[in-house]
Amino acid sequence: MPAKIRSKKREIGEKELCPCGSGIKYKYCHKKTTKKYFEFDNGDVVAEVAIPQELVNQLEESRKEFKNIFGRSPYKSDPVFWNRAELKENTILKRTKKVMRAAKVPEELIFAYEKTGLIIASDSPATSRAEREEFRSAVKEYFQLKEDNSDPFYIFTYLDSHSIIPF
Ligand SMILES: [Zn+2]
């Protein structure tokens, strides 16, 4: 069996044009933000969103605890927050998402659900104004990310991966 070759990636050079298409140098554009661009050996460019240090610490704690109990590091398929409450929530979320996809619920609503944990159809009376606002802003974010040519769901897979850039 041939060995798996993993393409290396590097952050975009400061003097190169920012891949976001702004027309200005990376150094003066996204380099300054929490969303950074990387290029793989094969020329593919990806955007990565940094997550807060606090969350990075939590993930690190979770990983250590996992190792203590299971005697190995978590695989990518293991939930990052593997403790019982989080695990349950994660499973429900994934199952709900599957059902939503099967029911052809628009992607922006699935995104908003994943982000906020809320399912809001038009003006559901059971939700608070703050919740509706949170949901609406998540929907807006979905379209912004799309416009930015980013995969809106990337942040979620990002949280599942092992490469985390602290702020
Ligand atoms: Zn940019």
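Let's start at Ala 112. Set aside its neighbours within four places in sequence. Ala 112 is then in contact with Phe 135, Ala 138, Val 139 and Tyr 142. Keep in mind that this is a predicted model.

Where does Ala 112 sit? It belongs to the largest nonpolar core. That core has eight residues in all. Which helices supply them? Helix α3, residues 107-116, and helix α4, residues 129-147, each give at least two residues of this core. In soluble globular proteins, nonpolar side chains tend to be buried together.

Now step back to the whole chain. How many of its 167 residues count as buried? The figure is 8%. Next, take contacts between residues at least 6 apart in sequence. Of these, 40% join residues at least 24 apart.

On to the elements. The protein chain has five helices and three strands. What is the order from the N terminus? It runs β-β-β-α-α-α-α-α.

So, the strands. β1 covers residues 9-11, and β2 covers residues 35-40. These two pair in the antiparallel sense, over three bridges.

Last stop, the turn. β2 and β3 form a hairpin, with four residues between them. Which turn residue has a positive phi? That is Gly 43, at about 95°.

Terms used
Residues are numbered from 1 along each chain as its sequence is written. This is a predicted model: local features need pLDDT of at least 70, side-chain atom pairs count only at pLDDT 80 or more; totals for chains, interfaces and linings use all residues. A residue is buried if 20 or more other C-beta atoms lie within 10 Å of its own, exposed if 12 or fewer, and partly exposed in between; C-beta atoms are placed from the backbone. Two residues are in contact if their C-beta atoms, placed from the backbone, lie within 7 Å. A nonpolar core is a set of buried Ala, Val, Leu, Ile, Met, Phe, Trp, Tyr and Cys residues joined through C-beta atoms within 7 Å. Two strands pair if DSSP finds at least two bridges between them.
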